[in-house]
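Colleague: I've got this chain open on my screen and would like to talk it through with you. Can we go residue by residue and then helix by helix?

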Amino acid sequence: MSAAAFMPPVGADGHSRRFIATMVFVLGALSATAPIAIDLYLPAFPAMADALGTPESRIQLTLTSMMIGMGLGQAVIGPLSDRIGRRKPLLIGMAVFTLTSLVCAIATSADLLIAMRFLQGLSGAAGVVVARAVIRDHFEGDDMTRFTAKMMFVTMLAPMLGPIVGAQLIRFGPWQTVFVFMAVLSALSTFLVWRFLPESLPAEDRRVMTGPEFASSLGTLVRDPRFMAPTIVVIMNFSMLFTYVSTFSFISQQELGASPGFFSLLFAIGTLALLAGNQANMLMIDRSRSEQRMIAGMAISLAGIAWLVVVQMVDVANLWTIPIGIATMMLGCGVLFPNAGAAAMSSQPPQIAGTASAFMGSVQMAAGGVMPALATIGGVTLASMTFGVGLYGLITAAAVVWTIRVYRKAPNPAMA
């Protein structure tokens, strides 16, 4: 049976449930493959440093190189998918990701591992950036928000499960087992694309852009407030979230006295709150407007940040009070994020969805690396983390207000 036969045709009343379920499964697996590879091997850092005879700080560069690769990969692969279609970049990207995972498993030096992790990020970006473009090819408005929320439920599990799975893998095998596991996941994702994901961008809708035309498209995106306003919401909301993610391990264990196991529990609670917000958004889609959901998500996040500030001001910050504020903040992010992302992508036609997705993803990845570092430039402390999430939360709120004002003047299907 061909992929086209497996996918029921689109009727006048929308996509079939079978189509939706298959798309969620396939695109969710694609979007989760690279993110889970980011933190799957974190528990193996000490073993890798010992085996390769290198400082652990050198092993940490493998994480940095992958993040850089993912940012650059999205910038290249997104526009490429507008030119040659969605399937080819996906199949090639995931195949390369599988091969580089296997090379990582047999690496005998930190330098080779750093190079291969860069290629992993470069190729793994295909799953992230093209998945967003495929969603735009099929959906818009609340349908896009609803589908994005469903897919996010799958992809949000990756950062929560990654360290747990990685820790179990190195219990029963050497550190190389982690990279073999990555290769298996990537191979399965490649098969799912080949078997169940038909081309979503018809040849007549593809754009062959020269360098100046590509620059012009980027300029058009940057000048379009219907795209930039919700994109800034996405970027700053991610910066707020990643400031917490990248610092709380150190803060909880060094400043608040948590054990590694208790930190894992607290991290899981935050991720579950994010998932809960995502599901709450799903329930609200048929009962409220997108702008109302964005306001609700932002208000909840700001309430969580305010809680963090207050418990530190009254000197009751501990392992029980701080997670309450973090979970509340994450709950709001789960509501806000899919609505802002859907608004940005729905503002652009499918013909440049790959370019729009690439721009959003690349800047988001860069912000995730830079913003937490700026917030903690004086040291990683609970106070600096709170300052960072507070500052980025306020900027996010301002961007939400801008987004609502823009779409009240020029309505977008996603804001209906």
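Colleague: Let's start with Ala-107: is that residue buried or exposed?

Modeller: Keep in mind that this is a predicted model. Ala-107 lies in the loop between α5 (87-105) and α6. Its relative accessible area is 6%, and buried means under 20%. So Ala-107 counts as buried.

Colleague: Which residues does Ala-107 touch, not counting residues up to four places away in sequence?

Modeller: One part of the chain to look at is around Gln-176, 69 residues along the chain from Ala-107, with 8.8 Å between the two C-alpha atoms. As for touching, with residues up to four places away left out, the list for Ala-107 is Leu-52, Leu-112, Leu-113 and Trp-175.

Colleague: And Asp-315, is that one buried or exposed?

Modeller: Asp-315 sits in the loop between α13 and α14 (322-346). The relative accessible area of Asp-315 is 70%, and the cut-off for exposed is over 50%. Therefore Asp-315 is exposed.

Colleague: What is phi of Asp-315 near?

Modeller: Most residues other than glycine have a negative phi. Asp-315 isn't a glycine, yet its phi is positive, near 60°.

Colleague: Moving on to helix pairs, how are α2 and α9 oriented, roughly parallel or roughly antiparallel?

Modeller: Helix α2 covers residues 17-39 and helix α9 covers residues 176-196, and their axes come within 10 Å. The axes cross at roughly 150°, and angles over 145 count as roughly antiparallel. So α2 is, relative to α9, roughly antiparallel.

Colleague: How many charged residues are in the contact of α2 with α9?

Modeller: On the α2 side you'll find Phe-25, Leu-30 and Ile-36 among others, meeting residues of α9 that include Met-182, Leu-192 and Phe-196. By class, that contact has 11 nonpolar and four polar residues, and the charged count is no residues at all.

Colleague: What about α13 and α16, roughly parallel or roughly antiparallel?

Modeller: Helix α13 (residues 290-313) and helix α16 (residues 382-409) have axes that come within 10 Å and cross at roughly 160°. The cut-off for roughly antiparallel is over 145. That makes the α13 and α16 pair roughly antiparallel.

Colleague: How many charged residues does the contact of α13 with α16 have?

Modeller: The crossing itself is left-handed. Its contact residues divide into 15 nonpolar and six polar, with the charged ones numbering two.

Colleague: Last one: which residues is Arg-146 in contact with, leaving aside neighbours within four places in sequence?

Modeller: Arg-146 is in helix α7 (residues 141-155). Its C-alpha atom is separated by 9.4 Å from that of Leu-283, 137 residues apart along the chain. With neighbours within four places in sequence set aside, the contacts of Arg-146 are Met-282, Ile-285 and Asp-286.

Notes:
Residues are numbered from 1 along each chain as its sequence is written. This is a predicted model: local features need pLDDT of at least 70, side-chain atom pairs count only at pLDDT 80 or more; totals for chains, interfaces and linings use all residues. Side-chain values use heavy atoms; hydrogens and water are left out. Axes are lines fitted to C-alpha atoms, for helices over the stretch in contact, and angles run from 0 to 180 degrees between N-to-C directions. Helices (H or I, at least four residues) and strands (E, at least two) are DSSP runs, numbered from the N terminus. Angles under 35 degrees count as roughly parallel, over 145 as roughly antiparallel, 65 to 115 as roughly perpendicular and the rest as oblique. Contact means heavy atoms within 4.5 Å. Ala, Val, Leu, Ile, Met, Phe, Trp, Tyr, Cys and Pro count as nonpolar, Asp, Glu, Lys and Arg as charged, and the others, Gly among them, as polar. A crossing is left-handed if the near helix is turned anticlockwise from the far one by less than a right angle, and right-handed if clockwise. Buried means under 20% relative accessible area, exposed over 50%, partly exposed in between (1.4 Å probe, protein chains only).
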